[in-house]
Amino acid sequence: QVQLVESGGGLVQPGGSLRLSCAASGSISRINFMGWYRQAPGKERELVARITSGGGTTYADSVKGRFTISIAKNRVFLQMNSLKPNDTAVYYCNADLKLYLRPRDEYWGQGTQVTVSS
């Protein structure tokens, strides 16, 4: 079917930076948008950033000016600067896409841990 594989998470000090990557693989005919969600323990999963195949972007208010999302073919990136402890969460890649011979659907990666701590 579809695989979304995230990478780039880790431990970083407050004020530091990380770059997350997500590669989508499979018989993909069209990507409508890709994005990043995050979920902290005991909290609901929330949208962090989303980008359409045409380059339009949406950001959560809490990350505007600090995070930048970009897309290249079947890959989406999240550049995270000026990280804060509140950014600590599991970050999940999300894609809205169509496979050949299959209808449009939404897919999720397995998640990558981001921990911001001194």
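## The disulfide

The S-S bond of Cys22 and Cys93 has a torsion of about -85 degrees, so the disulfide is left-handed. A disulfide here is a pair of cysteine sulfur atoms within 2.5 Å. The sulfur atoms of Cys22 and Cys93 lie 2.0 Å from each other, and a search of the whole structure finds 1 disulfide. The bond links distant parts of the chain, with Cys22 in strand S3 (residues 18-26) and Cys93 in strand S9, 71 residues apart.

Cys22 is buried, at a relative accessible area of 1%, and Cys93 is buried as well, at 0%. Buried means under 20% relative accessible area, exposed means over 50%, and partly exposed lies in between (1.4 Å probe, protein chains only).

## Basis of the model

This is a predicted model, in which local features need pLDDT of at least 70, side-chain atom pairs count only at pLDDT 80 or more, and totals for chains, interfaces and linings use all residues. Residues are numbered from 1 along each chain as its sequence is written, and side-chain values use heavy atoms, with hydrogens and water left out.

Strand S9 covers residues 89-99 and is mostly covered, with 9 of its 11 residues buried. Strands are DSSP runs of E with at least two residues, and helices are runs of H or I with at least four, numbered from the N terminus. Two strands count as paired if DSSP finds at least two bridges between them.

S9 pairs with strand S4 (residues 28-39) in the antiparallel sense over 10 bridges; Phe33 stands opposite Asp96 of S9. The pairing of S9 with strand S11 (residues 112-116) is also antiparallel, over 3 bridges, and Tyr91 has Thr112 in S11 as its bridge partner. Strand S10 (residues 104-108) runs antiparallel to S9 and is joined to S9 by 5 bridges, with Arg104 in S10 as the partner of Lys98. The hairpin of S9 and S10 has 4 residues between the strands, and Leu101 in this hairpin takes a positive phi near 65 degrees.

## The sheet containing S3

An open sheet is formed by 4 strands in the order S1-S3-S8-S7, with antiparallel pairing. Its edge strands are S1 (2-7) and S7 (67-72), each of which pairs on one side only. Neighbouring strands of this sheet are turned by 15 degrees against each other on average, direction ignored. For such angles, axes are lines fitted to C-alpha atoms (for helices over the stretch in contact), and angles run from 0 to 180 degrees between N-to-C directions.

S1 and S3 pair over 6 bridges in the antiparallel sense. Ala24 in S3 is the bridge partner of Leu4.
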